[in-house]
Structures are given as C-alpha cells and as structure tokens.
Amino acid sequence: MHKLGHTRSTNQRDHLLHTPDTFVRAVLPGMERANAIVHISPAGGAAFTQYTAELEPGGSLGPTSNQRFFYVLEGVADLATDKTFHTLTPGSYAYIPEDAAHSLTAQQTTRLAVIEKPYETLASAPAPEVLVGHEEKTPSVPLNDDPDLQVRSLLPGSPSFDFAVNTMTYQPGAALSMVEVHVMEHGLLMLEGGGIYRLGDHWYPVTAGDFIWMGPFCPQWFGAIGKRPAKYLIYKDWNRHPLA
Ligand code: UGY
Ligand code: MN
C-alpha cells in the first residue's frame, strides 16, 4: 500500500535513520546468491561501511582487503580462514583483519550485519588476528552501575583494535544516563524492542530492524519503551588519536 511518501527514514548531516521500508538491495562485487542493504558508507559521511548481507543457501560474501566484522542475525554459515573453520549460528561473530583470506558461505537462508573499515595501524600495538566468538560467551556488564542497561563487548579493548562492537540491552524504561556527545561515530542496528532515540535535535521512535548512523559529535540518547527489552548492536571507532 502507498504510504503517500511518508517514512521514518531521514538523512541528516550528522545522523541517518534507515528504516526497512526504504531498504534497497544490491549485489556487491564477488557476492554469490546474496545481496546487500548498504546502510552507511563514506558516500554517506562515515569512515566505515555497514551493510546487512542476505544470503540464500550456498550464498557467499565477496572479498575485501579491509578489516571485516560480521554478526549472524539469522541462519547458519561456515567461515573458513587459512587456519580455522567455524560454523556460525545467530549471535556468533567474527573479526577478520585486513588482507586476511577467508570465505563465508551460508548453509541456509542467513542474514549478517557486516562492518568494514580500513585499518589504522598503531606503531605500539600489533595488528589483530582473526577472532571468532559468540555473544552469549562474552560477559555482560552494567553501564554506569545500572543493572537495567547491560553491555557486552564483542571485541577485546586492546589498542590493537581500532573499533569496538558491542551489544546493549535495555530493560523497559531504562535509558542512557546522559546525552552523549563524542568524537567517535556509531553504526547501530536495532535487534529487539524499541524506544526513542535522540539524534542531534530530533527525537525518533525506533524499533527492531532500524539502522542508525551517528556521525562524530552527534548528540545522542536512547530510552527503551515497551513491555520487552530493547537491544542493539553498536559499532564505534576508538583507540586512535583524532589527528592520526
Ligand atoms: O558506547 C557508546 O558510546 C554508547 N553508550 N552510545 C550509544 O549507545 N549511543
Ligand atoms: Mn555513544
């Protein structure tokens, strides 16, 4: 049905809200039996790229020379690297360093959140190695002593990594304790529930399936609304000097 041109999606200088009714699918080079919904990229103002990959059974991701992180949203997929083989299920994730040969092939219909970023080397820290994990095996810690707001860090905090990916789970009514304004940018995929996201001078209703990009210094705040927890997957660049 026509929505007469209405959507919650909006593209602003320092933030983007990308809702499923506006998603456009495209095949990225090297993808087989798969497509991508590119949520944000340098063309949109970000220093990284984030897309949702939708793979048919037997489908695979194309190659990249950049660092790649992915998180399994749905389905089952096999990851092969030079040295390891893993079968990934929902909640599994993997970090692939730049220039690391790997293949990711779906066993069944599979959806992945994929983040790619050029690596910023640091003289004092070695580049990271391949890392594979499952969200449920990572510790859940309260943010600012609030037990109703739990954070899981999927990647180590070591300075070798130039970005972080976390999940954040808010009990109904829980909220960030402050409006954050920081140099790091975010790519955020709402996984469950919903609430109100403040971005810049706007307050948006958001729900599972929505994507948000927050540029550097974008004022941001979230409060969970509803009878079930709200959960999101959130990327941020960090561990590097702003002038690096
Ligand atoms: O890690 C963060 O900056 C996080 N607290 N930001 C956010 O949830 N918008
Ligand atoms: Mn933040």
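Asp-162 is buried, with a relative accessible area of 1%; here buried means under 20% relative accessible area, exposed means over 50%, and partly exposed is in between, using a 1.4 Å probe and protein chains only. This is a predicted model in which local features need pLDDT of at least 70 and side-chain atom pairs count only at pLDDT 80 or more, while totals for chains, interfaces and linings use all residues. Residues are numbered from 1 along each chain as its sequence is written, chains are lettered from A and ligands numbered from 1 in the order in which they are written, and side-chain values use heavy atoms, with hydrogens and water left out.

## A buried aspartate in a loop

Let us stay with Asp-162 for a moment. Its place is the loop between strand E13 (146–153) and strand E14 (163–170).

## Around ligand 1

Next comes the ligand. Ligand 1 is surrounded by Met-168, Tyr-170, Leu-176, Glu-180, His-182, His-186, Tyr-197, Gln-220, Tyr-232, Ile-234 and Lys-236; a residue is near a molecule if one of its heavy atoms lies within 4 Å of it. This shell divides into six nonpolar, three polar and two charged residues. In that count, Ala, Val, Leu, Ile, Met, Phe, Trp, Tyr, Cys and Pro are nonpolar, Asp, Glu, Lys and Arg are charged, and the others, Gly among them, are polar. Strands E14 and E20 (230–237) each supply at least two residues of the shell, and E20 gives the most, with three residues.

| Side chain | Distance to a nitrogen atom of ligand 1 |
|---|---|
| Glu-180 | 2.7 Å |
| Tyr-197 | 2.9 Å |
| Gln-220 | 2.8 Å |

Taken alone, ligand 1 exposes 270 Å², and the protein buries 92% of that. These accessible areas come from the Shrake-Rupley method with a 1.4 Å probe; for residues, only the protein chains shown count as cover.

## Aromatic pairs

How many aromatic pairs does a search of the whole structure find? There are ten. Rings of Phe, Tyr and Trp (its six-membered ring) pair if their centres lie within 6.5 Å; planes under 30 degrees apart count as stacked, over 60 as edge-to-face and the rest as tilted. Phe-163 and Tyr-235 form a tilted pair, with 5.5 Å centre to centre and 40 degrees between the planes. Because Phe-163 lies in strand E14 and Tyr-235 in strand E20, this pair ties together parts that are 72 residues apart in sequence. Phe-163 is buried at 1% relative accessibility, and Tyr-235 is buried at 0%.

Another pair, Phe-222 with Tyr-232, is edge-to-face, at 5.6 Å centre to centre and 75 degrees between the planes. Phe-222 belongs to strand E19 (residues 220–224) and Tyr-232 to strand E20, ten residues apart. Phe-222 has a relative accessible area of 0% and is buried; Tyr-232, at 1%, counts as buried too. Ring pairs also link Phe-48, Tyr-95, Phe-161, Phe-163 and Tyr-235 into a cluster.

Our last stop is a trio of side chains. Tyr-51 lies in strand E4 (residues 49–60) and is buried, with a relative accessible area of 3%. Glu-116 sits in strand E10 (residues 110–117) and is buried at 13%. The side chain of Tyr-51 makes a polar contact with that of Glu-116 at 2.6 Å and with that of Arg-68 at 3.4 Å. A polar contact of 2.8 Å also joins the side chains of Glu-116 and Arg-68.

Where does Tyr-51 stand relative to His-39? Tyr-51 and His-39 are twelve residues apart in sequence and 5.2 Å apart in space, C-alpha to C-alpha.

Terms used: Helices (H or I, at least four residues) and strands (E, at least two) are DSSP runs, numbered from the N terminus. A polar contact is a pair of N or O atoms within 3.5 Å; within protein, one must be able to donate a hydrogen and the other to accept it, and residues adjacent in sequence count only if both atoms are side-chain atoms.
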